[in-house]
Amino acid sequence: GMFATVDGISQRAPVHWSENVIGAALCFPYVVALDDEFITVHSMLDQQQKQTLPFKEGHILQDFEGKVIVATNKGVYILVPLPLEKQIQDLLASHRVEEALVLAKGARRNIPKEKFQVMYKRILQQAGFIQFAQLQFLEAKELFRSGQLDVRELISLYPFLLPTSSSFIRSHPPLHEYADLNQLTQGDQEKMTKCKRFLMSYLNEVRSTEVANGYKEDIDTALLKLYAEANHESLLDLLVSENFCLLTDSAAWLEKHKKYFALGLLYHYNGQDAAALQLWVKIVDGDIQDSTRSDLYDYIVDFLTFCSDHELVWKYFEWILQKNEEVGVQIFTKRPLEEQEKNNINPDDIISCLNKYPKARVKYLEHLVLERKIQKEKYHTHLAVLYLEAILQLKSVTTDNCTETTELLLKFRSLLQKSDLYRTRFILDKIQGTDLHMESAILYGKLEEHEKALHILVHELKDFHAAEEYCMWNSESRDSQYRQRLFHLLLSVYLTPGSSDCALVMAAVDLLNNHAAEFDAGLVLQVVPDSWSVQLLSPFLAGAVRQSIHTKRMTQVALGLAQAENLIYKHEKVKQKGAPILLSDKKVCQVCQNPFCEPVFVRYPNGSMAHTHCAANRHLSSNVTPHSPSSSNQT
């Protein structure tokens, strides 16, 4: 059977009839044919045979006004097609999804548009559930999307996933024949797991689309339950991002599956930080078991660091510090910068609370002094005292300088050198009687008692390099004369009368030869012993001569530049003088018109002259001739 247009063009595939067809008629979307023994029904949509009816002795089969009539010698019969919807439902019931969809599309022109859209969406949804039941998840997902399925229809198949507060009622008539997932999978755990994975994937895709509008709580709550049950890594991602999980249902489910860390995140998202921290603390203490995060203590520290609820910070700070002082103090030292600048938590209160935790107290004071650079004497002095006490404590336990002692000594020295705010005398009194000679020298330097400091470095420590370094850092940001005074003082310490120590002599020679630029050569030659040879001091002398010549030449250059600049100014002055001004007894004052009696006058820019006392009188000077200035302030 061929289909052709009025132009004789065939646009459809032919249908295959038996060889002895008697008649044919059209009953859209079917073509009905009659032969000797049967009536056959073929679809115009896919050209497939859909039905065969036994019918013998038929002579006529025709379409009369939309009705298909078939006749034999003894009677006339009317073939009445089932309604299209019934046909489609029968196809779906037989799981012939593709045929049902083709038929539904083909029936579009015979059904009003609005009615067709409603019907077609429902057919797509039904087809989706059929594919879902056959574990054809990709096909099912596309059908659900195309049919705009209320996703709760799918969620309701899974026991306990919908929140208890949900008002959802399944579609009637039902879209499928299954009570729940257990019936659909017949208890097969592998199939059930696959179905749950599909639902996780599907809900994750649709939760941010229009499909979720109106029931985001149901979707997110169901997704959370699936993630928790499957121990899925996306559970935490869901809870730390925007979500609509219902607190009551979700909390009970997470607790049931022992997801206590996730439950804390849920509480935090819903503004219940106290409940979240209570749970997490129990996990760290081992009261409840949850291995989600092995670094949960560090997480709690970070959480409290950025927590705006200061009551919670104060509630848990002791627990935090008891676990680890050096890490726990970060809840105070790493708080947001804007909060620290506003001093929302008073540093004095923090220091007071840290008295029981010495390591944390030192860390916090280091934060205030070294990182925030707060310029307060009490913080600098307190930190210095803590350093000193810790050093003396370690030294009382062991005579050797262990790594910890060395690190503390370096920190202590650095603070003493760089800070100018601590109470120097107070610290110095505490150091007296100890072996902290280097620190004593630094403190004497802060008091400008450089001779004492250098005496300690040279005669007690015999650390000549440290003595030179002392002169260098003590004269930083000072003028060259101050530095020169320190180096001369060090030289005099080396050359103390009555000292015959060869090491001091060599140190003095090295000092001169290595720092020739820091000395006044004339003063040096006055203090060095006469017994020293020129060869011994040759590097110093060469440097001194070179420096002297350099200084002389630079002075000459500066003098030449100054003279040139002076000449330029003189030239400008001559230019400014202009033409000479002649004054004689014939000249008269332009204000009072009287002659000048003495060579003292005021000259205006226009060349006119006046007595000084006349020019000082602004009232009179405003009445001068039009050629005179209007004000006496231009002279």
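Trainee: Into which domains is the chain divided?
Mentor: This is a predicted model, in which local features need pLDDT of at least 70 and side-chain atom pairs count only at pLDDT 80 or more, while totals for chains, interfaces and linings use all residues. Residues are numbered from 1 along each chain as its sequence is written, and side-chain values use heavy atoms, with hydrogens and water left out. Domain bounds come from an automatic or database domain assignment, and here they give domain 1 (21–81), domain 2 (87–269), domain 3 (474–574) and domain 4 (580–621).

Trainee: How far apart do the C-alpha centres of domain 2 and domain 3 lie?
Mentor: Domain 2 covers 87–269 and domain 3 covers 474–574. Between their C-alpha centres the distance is 91 Å.

Trainee: In what order do the four strands of the open sheet stand, and which are the edge strands?
Mentor: Strands (E, at least two residues) and helices (H or I, at least four residues) are DSSP runs numbered from the N terminus, and two strands pair if DSSP finds at least two bridges between them. Strand 1 and strand 2 run antiparallel and are joined by five bridges, and strand 3 and strand 4 likewise pair in the antiparallel sense over five bridges. The order is 1-2-3-4, and the edge strands, each pairing on one side only, are strand 1 and strand 4.

Trainee: Which residue of strand 6 does Phe64 stand opposite?
Mentor: An open sheet of three strands has the order 5-6-7 with antiparallel pairing, and its edge strands are strand 5 (58–64) and strand 7 (76–79). Six bridges join strand 5 to strand 6 (residues 67–72). Opposite Phe64 stands Lys67.

Trainee: Which residues lie nearest the centre of the largest pocket?
Mentor: On a 1 Å grid over the protein atoms alone, a pocket is an open set of points with protein on both sides within 12 Å along at least five of seven lines, a cavity is a set where a 1.4 Å probe fits but cannot get out, and lining residues have an atom within 4 Å of a point. Grid points are joined across faces, edges and corners, and a volume is the space filled by probe spheres set on the points; the largest pocket has about 580 Å³. Strand 2 (30–34), strand 3 (38–43), strand 4 (49–54), helix 1 (84–93) and helix 2 (97–106) each give two or more residues to the lining. Of the 24 lining residues, those nearest the centre are Tyr30, Val41, Lys50, Gln51 and Gln87.

Trainee: What volume does the largest cavity have?
Mentor: The structure holds one cavity of 30 Å³ or more. Its lining includes Phe332, Arg335, Tyr364 and His367, and helix 17 (337–342), helix 18 (347–353) and helix 19 (358–371) each supply at least two lining residues. The volume of the largest cavity is about 90 Å³.

Trainee: How many residues of helix 13 are buried?
Mentor: Among the buried residues of helix 13 (residues 296–305) are Leu296, Tyr299 and Phe303, and what covers the buried residues includes helix 11 (260–269), helix 12 (273–285) and helix 14 (310–323). Helix 13 is mostly covered, and of its ten residues the number buried is eight.

Trainee: Is His611 buried or exposed?
Mentor: His611 lies in the loop between strand 9 (609–610) and helix 30 (612–616). Counting contact as heavy atoms within 4.5 Å, and leaving out residues up to four places away in sequence, His611 touches Cys589, Cys592, Asn594, Pro595, Phe596 and Val602. With a relative accessible area of 10%, His611 is buried.

How values were computed
Buried means under 20% relative accessible area, exposed over 50%, partly exposed in between (1.4 Å probe, protein chains only).
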